[in-house]
Structure formats: C-alpha cells, structure tokens
Amino acid sequence: MENNSTIRLDATDIQIIKLLQRNARITNKELAAQLDLTITPVYERVKRLEKTGVIGQYVALIDADKTGKGLMALCMLRLEKHTKDKLAQFEAHVAKIPEVTECYHLAGQYDYHLKILVKDMNAFQDFIVNKLSTNENLANIQSSFVMKKITDTTAVPLG
C-alpha cells in the first residue's frame, strides 16, 4: 500500500467509488454496465483503488438498535498527561474496548472524542466505571447522549 499521500482520481474512479459506497456488493459486471464500460477495465480500476488504499475494506453496516445497542453516547475526554507514551497507552486501552466504535484524537479543549454504543444507561455506567475509567490518565469525561440521528453515513463526499 502507498503512503498517506493523495491519490489522483479521475471521473470514472469517482463514479466507481460512489457506486461502491452505495452498495459494496455490486459486481464488476454491474459496475461496468452502469458506467458503460467493459468488465476488465472496471476490474483493474477497482483493484488499483484497493491496492493504493483508496478502498480500505468492505463492510456490512449494521443497525445498532436492532442488535440491542440502542444507546449512543458521545464522550469528550481530557487526559492528565500528554506525553507520547501516555497518549499511545490511552489509545491502546481504548482500542481494546468493543463499545468504542470510533475514537478521534483532537486539537482543542478536549483530547479525544469517542462514540460509544451500549444497550442502555446501566450498560453505559458499567462501561464508564469498569472499562473507560480504568485508565489512570483520564482527567475528565464529558458525555452526551444521542436522542435522534439526523444523518449517518460512512460515504466520503466526492466531486
């Protein structure tokens, strides 16, 4: 895989990505038909997008409510110490917690933003007490609870 540099995408690449973001199970034959191309160049383009890391992986999107994970919390965290080792230690700790579905290192008032999916408020309390707060470098946790999703997409906006 190439480094993190930007990959040049032409209009056909963008159309392929848009179609795959809508339906990752679309076949190369179906892609080719929608793009008015033959299968071989579409296959080669998809493979190049995968090899260069533009397409990182294919996933199934799951409805959290239907799996019993209906409470979404957004947690803003501050750490006590900000040394390289302490940051790496915290990130390794959070990466092992399955309820944390997203984690972002921030610049600004808070150090990290976490998206948490749990069953209910009791499960959230258990998560805070027995999982998240076991990291001794935590200084502050500010939690908000999602009442309604307005937009929810994994698609990267492209031209």
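**Notebook: a first look at the chain**

I began with contacts (heavy atoms within 4.5 Å): of those in the chain with a separation of 6 or more, 66% are between residues 24 or more positions apart.

A note to myself: this is a predicted model, where local features need pLDDT of at least 70, side-chain atom pairs count only at pLDDT 80 or more, and totals for chains, interfaces and linings use all residues. Residues are numbered from 1 along each chain as its sequence is written, and side-chain values use heavy atoms, with hydrogens and water left out.

Next I looked up the elements, which are DSSP runs numbered from the N terminus: helices are H or I with at least four residues, strands E with at least two. I found five helices and four strands, in the order α-α-α-β-α-β-β-α-β from the N terminus.

Then I turned to one hairpin. Strands S2 (residues 100-105) and S3 (residues 112-118) run antiparallel and are joined by five bridges; pairing takes at least two DSSP bridges. Opposite Cys103 I found Leu114 of S3. Six residues lie between the strands of this hairpin, and Gly108 has a positive phi near 130° there.

How far does the C-alpha trace span along its principal axes? I noted about 55 × 40 × 25 Å. The radius of gyration of the chain is 20 Å, whereas a compact globule of 159 residues would have one near 15 Å; it is taken over C-alpha atoms, and the globule rule is 2.2 Å times the number of residues to the power 0.38.

Last, I checked burial (under 20% relative accessible area, 1.4 Å probe, protein chains only): 28% of the 159 residues count as buried.

Methods
Buried < 20%, exposed > 50% of the residue type's maximum accessible area, 1.4 Å probe, protein only.
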